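Please open the model in a viewer and keep the selection panel at hand.

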Amino acid sequence: MIQVEHISKRYGDHVAVEDLSFTVEKGQIYGFLGPNGAGKSTTMNIMTGYIAAGSGSVRINGFDILTEPEKAKKCIGYLPEIPPLYTDMTVYEYLMFVAELKKVPKKERVSHVEEIIGRTQLEEVEGRLIRNLSKGFKQRTGLAQALIGYPEVLILDEPMVGLDPKQILEMRDLIRELSREHTILLSSHILSEVSAVCDHIMIISRGKLAASGSPEQLQEMMQVKTGLEVVILGEKAQAEGILDSIGQIDSYTIEPGDEAGSIRVQLQVADNADIRRELSVALAGAGMPILAMNRLEKSLEDIFLELTEDAAQEDEEDDDEDNADGDGEDESSAMEEAEEAVEAVEEVTEIEEKEEAADDESNL
């Protein structure tokens, strides 16, 4: 449905998007997740043809967004972060205007717009001026204009931004309903929103794709070590002796538990080994009953922070290397300049000595 291949975009020395590639399959909700300034909006603007990429290509339903823009854009409904609303129009007037712009046949416009108003639940405000609407209704109106013409692909940039909790829940439900008939790509920096509505998540950081997969796949990919939390009745020193005897445990921490006489142990196990049976037998043999045992898994928030921090560190290391290279070049050029200066002084000295010798000969 959407193929993005090796797109890059620079603004002067700033790299907004760098060699970004991904594919969006039909009938899915894709979440484009990243911190502010990661390149999400730039990528969406390139995908919709609002700006051109410095390099690379985007194909929508087989049509190149640059060489076949009209055919490609017919397949797209776009909701920018700030909806493109004419606030002096009523909701109905505005949507009729958009239907005309999108070349919806004249005899179908009224029924088409009324159907979109119904789907986006705008009936109660369709006669009101857009400038008098709440943030939630303005966002719905922006989504309604994206739906005009029944595009196959909906691209939504931060659709939940500025909404209150009730409006967010309503927008979630609406996006899920629309996914039955549309392929949806939405961007957000709000982790809970992406994980709540998306089938597939792409994490972008510093203009690069850091990871891609379902929430479950991302957790599995980042879960290098198994973590366990165990609540035990017993003494800390006794628990340490048992934990130290199990070779597959990489590390552990022990804290006082909530119940009297209990301790809470959090441990990391290498190679995803399952040590629950061995640990249970060892603790039971030592007379230390287990009150609770839970597997610890990285949340989407943990994965997001880890991936974006890794990307930031890599960029800093690259910058350090560039600076080091620059420093080396500066040092070598300084050495060359010094050598040239020495040679110049030597040439001047040699000329002066020859002139002095010539003067001595003439005096003789």
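Predicted model: local features only at pLDDT ≥ 70, side-chain atom pairs only at ≥ 80, totals over all residues.

Apart from its neighbours within four places in sequence, Ile 175 is in contact with Ile 29, Leu 156, Pro 159, Met 160, Ile 184 and Leu 186. Three of these partners, Leu 156, Ile 184 and Leu 186, should be kept highlighted together with Ile 175: these four have the most contacts inside the largest nonpolar core, which holds 43 residues.

**The chain as a whole**

The chain contains 11 helices and 14 strands. Of its 364 residues, 40% are buried. Among contacts between residues at least 6 apart in sequence, 67% join residues at least 24 apart.

**Helix α6 and its charged residues**

Select helix α6, residues 165-178, and display its side chains. Which residue forms a salt bridge with Lys 166? The partner is Glu 170, at a distance of 2.6 Å from N to O. Both residues belong to helix α6 and stand 4 residues apart, about one turn of the helix. Lys 166 is exposed, with a relative accessibility of 58%, whereas Glu 170 is partly exposed at 28%.

Glu 170 also forms a salt bridge with Arg 140, here at 3.5 Å from N to O. Because Arg 140 lies in helix α5 and Glu 170 in helix α6, this pair ties together parts that are 30 residues apart in sequence. Is Arg 140 buried or exposed? Its relative accessibility is 5%, so Arg 140 counts as buried. With Glu 170 selected alongside both partners, the view shows one network: salt bridges with shared partners join Arg 140, Lys 166 and Glu 170.

Remain on helix α6 and select Arg 172. Its relative accessibility is 18%; the limit for a buried residue is under 20%, and therefore Arg 172 counts as buried. Leaving aside neighbours within four places in sequence, the contacts of Arg 172 are Met 160, Ser 192, Glu 193, Ala 196 and Val 197.

A search of the whole structure finds 10 salt bridges. In general, side chains of opposite charge can pair when their charged atoms come close. For another example, select Arg 131 and Asp 88, whose side chains meet at 2.5 Å from N to O. This pair links distant parts of the chain, 43 residues apart: Arg 131 sits in the loop between α4 (106-119) and α5 (135-147), and Asp 88 in the loop between β6 (76-79) and α3 (91-101). Arg 131 is partly exposed, with a relative accessible area of 46%, and Asp 88 is exposed, at 59%.

Move to helix α4 and select His 112. At 8% relative accessibility, this residue counts as buried. Outside the four places on either side in sequence, His 112 is in contact with Val 104, Leu 147, Ile 148, Gly 149 and Tyr 150.

**The cavity**

For the last stop, hide the surface and select strand β4, residues 55-60. The search of the whole structure finds 1 cavity of 30 Å³ or more, and the largest cavity holds about 50 Å³ of space. Its lining is formed by Ile 46, Ile 51, Ala 52, Ala 53, Gly 56, Ser 57, Val 58, Ile 65 and Leu 66. Strand β4 supplies the largest share of this lining, 3 residues. The cavity lining comprises 7 nonpolar residues, 2 polar residues and no charged residues.

Methods. Residues numbered from 1 in each chain as written. Heavy atoms only, no water. Salt bridge = Lys/Arg side-chain N within 4 Å of Asp/Glu carboxyl O. Helix = DSSP H or I, 4+ residues; strand = E, 2+ residues; numbered from the N terminus. Buried < 20%, exposed > 50% of the residue type's maximum accessible area, 1.4 Å probe, protein only. Core = buried A, V, L, I, M, F, W, Y, C linked by side-chain atoms within 4.5 Å. Contact = heavy atoms within 4.5 Å. 1 Å grid on protein atoms, 1.4 Å probe; cavity = no way out; pocket = protein on both sides within 12 Å on 5 of 7 lines; lining within 4 Å. Points joined across faces, edges and corners; volume = space filled by probe spheres on them. Nonpolar A, V, L, I, M, F, W, Y, C, P; charged D, E, K, R; others polar.
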